[in-house]
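Open the model in your viewer and keep the sequence beside it. We will go from stop to stop, selecting as we go.

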Amino acid sequence: MSFSPPSQVSATTGNDQKWNAYRVDGIFKYRGFSANGMDAWADRTPETGAKFRSPGFFIQAGRLFNRRQYEAAFRYGQYDPSDKADQNLTREVRGAFSYYYARHGLKWQNDVGRVEVQAGPGKPSVKTFEVRSQLQFIF
């Protein structure tokens, strides 16, 4: 469990927010299988307007293959910017593939997924398809 302190209130001329964020997470690994997840929320108080909460979570599962050189994973996540507004969720579903050439010293990670952002009551959701790739080299 972790806690984030408030942001800067009165830092700009806009409607700044005072907020506290909380997270609870966990991870499980056994013989090449991994599962992890997190539940998070932020209590937000704008300089003007009502207080609101921003909840979110994700779950992920993966499996290592071929002497821990390849990994396949699946992830689902959801975030609500404000619990006071209806139909404004952001959801993501992803599949991932990683290749570990030298463990974490040299690895190539890729994921493919769909992100859906609800635009509000009576409005169509915006759905995007993403392909991401990252090559990491540590020396």
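Start with the aromatic rings: a search of the whole structure finds six aromatic pairs. Rings of Phe, Tyr and Trp (its six-membered ring) pair if their centres lie within 6.5 Å; planes under 30 degrees apart are stacked, over 60 edge-to-face, and the rest tilted. Select F57 and Y76. Their ring centres are 5.9 Å apart and their planes meet at 45 degrees, so this pair is tilted. The pair links distant parts of the chain: F57 sits in strand β4 (residues 52–65) and Y76 in strand β5, 19 residues apart. Strands are DSSP runs of E, at least two residues long, numbered from the N terminus.

This is a predicted model; local features need pLDDT of at least 70, side-chain atom pairs count only at pLDDT 80 or more, and totals for chains, interfaces and linings use all residues. Residues are numbered from 1 along each chain as its sequence is written, and side-chain values use heavy atoms, leaving out hydrogens and water.

How exposed is F57? F57 is partly exposed, at 33% relative accessible area. Y76 is partly exposed too, at 22%. Buried means under 20%, exposed over 50%, partly exposed in between (1.4 Å probe, protein chains only).

Next, select D25 in strand β2. D25 is exposed, at 56%. Leaving aside residues up to four places away in sequence, D25 touches G37 and M38; contact means heavy atoms within 4.5 Å.

Last, colour by pLDDT, the predictor's confidence in each residue, from 0 to 100. Confidence is lowest in strand β1 (residues 2–4), at a mean of 53, and highest in strand β5 (residues 70–79), at 97.

Conventions. Helix = DSSP H or I, 4+ residues; strand = E, 2+ residues; numbered from the N terminus.
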